[in-house]
Amino acid sequence: MSRRKIGWALPEREVTPEALYLRRREFLGLGAAGALGAAGVTTLVACDASAKGGKGAPLPDIKRGPFATDEKQTPEDDVTTYNNYYEFGTGKGDPAANAGSFRTRPWTLACEGEIKNPKVVDIDELIKWFPLEERIYRMRCVEAWSMVIPWVGFPLGELIKRLEPTSKAKYVAFTSKLDPVQMPGQQRSILDWPYVEGLRLDEALHPLAILAVGLYGHVLPNQNGAPLRLVVPWKYGFKGIKAIVKMRFVEQEPPTTWHKMAADEYGFYANVNPEVDHPRWSQAKERRIGDFLKRKTLPFNGYADQVASLYSGMDLRKWY
Amino acid sequence: MVLSPPARRAGGKTFGKLLKPAVFVASCLPLVKLAADAWGNRLTANPIAEVLNRFGFWTLTFLTITLAISPAKTLFGFTQPMRVRRMVGLFAFFYAFLHFATYLALDQAFDLGDIGADIVKRKFITIGFAAFLLLVPLALTSTDRAVKRLGFRRWKRLHRLVYAAAVLGIVHFVWRVKADHSLPILFAVIVSVLFAVRLGAWIRRPVRPRSGEPKNADGTQRSPSRETA
């Protein structure tokens with residue numbers, strides 16, 4: 001648990017990966033090019049800041065989106081240092097320690113399957129398609145803790161409408177980045193890599209569901225899923241797939257990582273439900289990060305008014 | 001420098017004198033680090049879970065160390081650690097108690113209904129609770145007086161409960177973890193090796209000749225129930 005430290009020794013995480021070191025001059029070039037275009041500068045600053053574990057660049061023109069909770073927001077330090085992101089290690093602090101040098105540019109999102117115009121979109125292009133909104137959501141982890149997080153992003157439904165799903169599109173399957181060199185957690189087969197998730201199309205079209213690119217008004221830190229992650233606040237946190245590279249529209253329910261790992265513990269739907277316990281622990285209560293006493297968990301994480309109708313007639317014990 | 005025999009003895013004496021206090025101080029270090037981390041706000045965003053996990057880890061670590069002491073003697077002839085085995089065992093209980101107390105007081109805030117339901121319904125909590133209960137009589141009978149009162153043989157038999165407690169504790173850890181089982185498996189492997197050494201020692205235990213008992217074919221004598229560690 002405690003590792004002996006030598007005063008002058010840098011922790012491994014601070015060592016610039018060789019591949020990155022060898023590419024350092026490209027960054028200089030990028031910087032010069034960036035001086036010509038603000039987007040380039042933003043990108044570079046974002047990389048630089050996240051490498052130091054600090055904040056990303058501020059995101060401009062964020063409008064206040066709907067559904068904001070007025071609950072006390074979880075401090076940014078907590079949101080960015082307490083993460084489940086096994087691609088960067090299974091400890092809660094591992095992602096913050098190991099994701100700093102993760103390269104989020106260039107980055108593309110492949111949109112394919114049952115849509116009119118399959119395409120590969122550059123992340124900076126994608127972000128320009130939609131006005132950015134701040135969405136202050138509760139986030140309930142399946143491990144019975146929760147946070148309140150001011151995300152910045154755009155509605156997933158807006159992107160889906162633009163992609164024009166065909167009548168055969170019933171589900172959206174998301175795939176995360178597979179890069180064991182940059183994501184050291186993927187060198188161990190703890191989960192079946194790459195991480196995959198999915199939503200039913202009507203869930204994905206729900207206005208609560210967003211793709212986030214920022215946090216607290218800044219570019220999303222790498223440990224929180226940069227450059228693009230899913231946020232579905234009425235579902236357990238593990239549905240919020242990070243570092244998305246692919247969205248595929250399909251007819252059948254797609255496989256999802258935790259369900260593959262332990263089907264009796266993690267369902268496809270994974271809606272927050274205080275009445276359906278995880279086989280190994282109760283989901284009736286949760287500890288809001290920063291609180292001492294646990295609070296009661298609300299059905300659909302408090303978003304029942306908005307989303308319960310999606311599941312009318314379904315036995316939520318069976319479809320957990 | 002070559003020490004003359006008396007000097008070496010004196011050195012041995014100092015070592016002997018320092019062993020217990022040194023082990024005591026070392027065994028307190030996880031607590032000191034916890035206090036320092038709490039003071040420096042380094043217990044993660046979810047300090048209660050962190051404290052719970054740390055105490056659980058140290059309980060299993062100290063249990064594993066107590067279980068390693070007799071194999072260390074069997075394999076390498078180290079006898080000095082035997083002198084601190086009781087202390088290390090009591091530290092295992094100490095951290096188990098802190099682990100359980102953290103669960104009761106900080107995690108559950110003494111919500112007895114929830115705690116009862118947890119112990120009955122959640123098998124990983126049931127088994128962890130059982131492991132803790134098994135350690136209680138061992139801690140209570142750790143005094144010299146208790147050994148005398150029970151008689152060494154009975155005392156020793158009672159204290160074999162530590163094997164069950166270690167196994168249950170490790171299963172508790174395995175069942176608690178979501179996906180990364182590397183640490184609980186490491187404990188399981190180490191404890192299995194320690195059990196194997198004990199088993200080996202038991203199988204190859206020296207036989208004590210007793211007069212009047214029938215001899216085996218090879219001329220050795222069989223002795224009933226030898227003491228094993």
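**Reading helices, sheets and contacts**

User: Is the crossing of α5(B) and α8(B) left-handed or right-handed?

Analyst: The crossing of α5(B) and α8(B) is left-handed, meaning that the near helix is turned anticlockwise from the far one by less than a right angle. Bear in mind that this is a predicted model, where local features need pLDDT of at least 70, side-chain atom pairs count only at pLDDT 80 or more, and totals for chains, interfaces and linings use all residues. Residues are numbered from 1 along each chain as its sequence is written, while chains are lettered from A and ligands numbered from 1 in the order in which they are written.

User: At what angle do α5 and α8 of chain B pack?

Analyst: Two packed helices are described by the angle between their axes and the distance between the axes. Here α5 (residues 123-140) and α8 (residues 161-176) of chain B pack at about 155°, with axes 8 Å apart. That makes α5(B) roughly antiparallel to α8(B), a label for angles over 145 degrees. Among the contact residues are B:Phe124 and B:Leu134 of α5(B), and B:Leu168 and B:Trp175 of α8(B); contact means C-beta atoms, placed from the backbone, within 7 Å. By class, this contact has 15 nonpolar, three polar and two charged residues.

User: In what order do the five strands of the open sheet in chain A stand?

Analyst: The order is β3-β2-β11-β6-β7, with mixed pairing (strands pair if DSSP finds at least two bridges between them). Because β3 (119-122) and β7 of chain A stand at the edges, each has a single partner strand and one side without a neighbour in the sheet. Neighbouring strands are turned by 20° against each other on average, direction ignored.

User: Which strands run antiparallel, and which pair in the parallel sense?

Analyst: β6 (residues 171-176) of chain A runs antiparallel to β7(A), joined by five bridges, and A:Ala173 stands opposite A:Gly198 in β7(A). β2 (residues 108-113) and β11 (residues 244-250) of chain A pair in the parallel sense over four bridges, with A:Gly113 bridged to A:Phe249 in β11(A).

User: How many residues of β7(A) are buried?

Analyst: Four of the five residues in β7(A) (196-200) are buried, that is, have 20 or more other C-beta atoms within 10 Å.

User: Why is A:Glu134 partly exposed?

Analyst: Because A:Glu134 has 18 other C-beta atoms within 10 Å, and partly exposed lies between the buried cut-off and exposed, which is 12 or fewer. A:Glu134 sits in β4 (residues 133-140) of chain A. Leaving aside neighbours within four places in sequence, A:Glu134 touches A:Ile62, A:Arg64, A:Gly65, A:Pro150 and A:Val152.

Conventions. Axes are lines fitted to C-alpha atoms, for helices over the stretch in contact, and angles run from 0 to 180 degrees between N-to-C directions. Helices (H or I, at least four residues) and strands (E, at least two) are DSSP runs, numbered from the N terminus. Angles under 35 degrees count as roughly parallel, over 145 as roughly antiparallel, 65 to 115 as roughly perpendicular and the rest as oblique. Two residues are in contact if their C-beta atoms, placed from the backbone, lie within 7 Å. Ala, Val, Leu, Ile, Met, Phe, Trp, Tyr, Cys and Pro count as nonpolar, Asp, Glu, Lys and Arg as charged, and the others, Gly among them, as polar.
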